[in-house]
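Colleague: I am new to this structure and would like to go through it with you. Please show it first.

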Amino acid sequence: MSRIITTALATIVLLTKFSLGYAQSSTEIFLFEIEKENDTYKLTNPTNITNNPGYDNQPYFISDDELVYAATYDNQTDIVRLNLESKEKTRMTNTPGSEFSPKLTPDGKYISSIILDRDGSQTLVKYPIKGGEPKVIPSEQKIGYYCWFDKKTVFSFVVGSPPSLQEWNTKNSEFKIIMMNPGRSLSRIPNQKTISFIHKESDDIWYVNSYDPYTDKVTYITECIKGAEDMTWAADGTAFLSNQNKIYKFNGETDNSWQLVANMEAFKLTNASRLAISPNLKWMAIVIDE
């Protein structure tokens, strides 16, 4: 990491309510095997793949057998790359700051993450997969959660009162507000030119919507289970959602509502949150409270 970036980044002592590190708990990431028969999914054989005291969270598959995640080391959070076959872990960052929300960039050349700075700013940075100097993507907005749409476009949960979903052109640093009060789960929908987000219309009414940046159209997908913050998509167009101890799935072509896939209590696990699915639909990574 360059000296300029390293000295500019530091661990945040106090985090705001909507910061990525808010209310960090001790968590582990469990890897489940996925069994699929027709439209039915089953999760089996959970394995703790992190085994690290503290915060192990925000898994993201960068290939069928590799994932990245955020992990606590020495009272800070860094990005770790894990090879599922060799079990080798590579600590990709080691800075005075804390990195969160690792993702593969659309060109496949970088792992991006959000860095939390001491002044409360939250900045998007790209780390070359093959090594080299990181690239900071400047922004006057406080970026919380995000997803890539294409090489220049990022959809962002922008921290505020209330927070907002915004389309960010990283080439000219322009932002466009799409909707207020989004949830933290933002994803590119497979095989579509749209992204998905959870819209918290009120305390009691939450929806899963899509947004098409080409038509500027928001489309209702289905009602969201109240309180369910974490959602991801499989390559076949099925959405998966965690809610407390349960994992659900929804496919607009086959389901009228969320269908139960697994109850973590059956594995003697509790409080499932963030989840990720490998491109080949072989693995599901689920964050579980310690």
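Modeller: Two strands count as paired when DSSP finds at least two bridges between them. The model is a predicted one.

Colleague: Which residue stands opposite Asp 230 in β20?

Modeller: β19 and strand β20, residues 239-243, pair in the antiparallel sense over four bridges. Met 231 stands opposite Leu 241 in β20. For Asp 230, the residue opposite is Ser 242.

Colleague: Which are the edge strands of the open sheet of four strands?

Modeller: The open sheet has the order β19-β20-β21-β22, with antiparallel pairing. An edge strand here pairs on one side only, and the two that do so are β19 and β22 (259-263).

Colleague: By what angle are neighbouring strands of this sheet turned against each other on average?

Modeller: The pairing in this open sheet of four strands is antiparallel. The angle is taken with direction ignored, and the average for neighbouring strands is 25°.

Colleague: Is Thr 222 buried or exposed?

Modeller: Thr 222 lies in strand β18, residues 217-223. Leaving out residues up to four places away in sequence, Thr 222 touches Tyr 207, Val 208, Phe 250 and Trp 258. The cut-off for burial is under 20% relative accessible area. Thr 222 has 7% relative accessibility, so it counts as buried.

Colleague: Which element gives the largest share of the lining of the largest pocket?

Modeller: The largest pocket holds about 1,000 Å³ of space. It is lined by 38 residues, and the closest to its centre are Tyr 60, Lys 103, Ser 187, Arg 188 and Thr 232. Elements that give two or more residues to the lining include β3 (56-63), β7 (98-104) and β19 (230-233). The largest share is six residues, and it comes from β3.

Colleague: How many residues in the lining of the largest pocket are nonpolar?

Modeller: By class, the lining has nine polar and six charged residues, and the number of nonpolar ones is 23. In this classification, Tyr is counted as nonpolar.

Colleague: In β8, which residue is the bridge partner of Ser 98?

Modeller: Six of the seven residues of β7 are buried, so β7 is largely enclosed by the rest of the structure. β7 pairs with strand β8, residues 110-116, in the antiparallel sense over five bridges. In that hairpin five residues lie between the strands, and Gly 108 takes a positive phi near 75°. The partner of Ser 98 in β8 is Leu 116.

Colleague: In β10, which residue is the bridge partner of Lys 126?

Modeller: β8 and β9 pair in the antiparallel sense over seven bridges, and Lys 126 in β9 is the bridge partner of Ser 112. β9 is also joined to strand β10, residues 135-137, by three bridges, and these two strands run antiparallel. In β10, the partner of Lys 126 is Lys 135.

Conventions:
Residues numbered from 1 in each chain as written. Predicted model: local features only at pLDDT ≥ 70, side-chain atom pairs only at ≥ 80, totals over all residues. Heavy atoms only, no water. Buried < 20%, exposed > 50% of the residue type's maximum accessible area, 1.4 Å probe, protein only. Contact = heavy atoms within 4.5 Å. 1 Å grid on protein atoms, 1.4 Å probe; cavity = no way out; pocket = protein on both sides within 12 Å on 5 of 7 lines; lining within 4 Å. Points joined across faces, edges and corners; volume = space filled by probe spheres on them. Axes fitted to C-alpha atoms, helices over the stretch in contact; angles between N-to-C directions.
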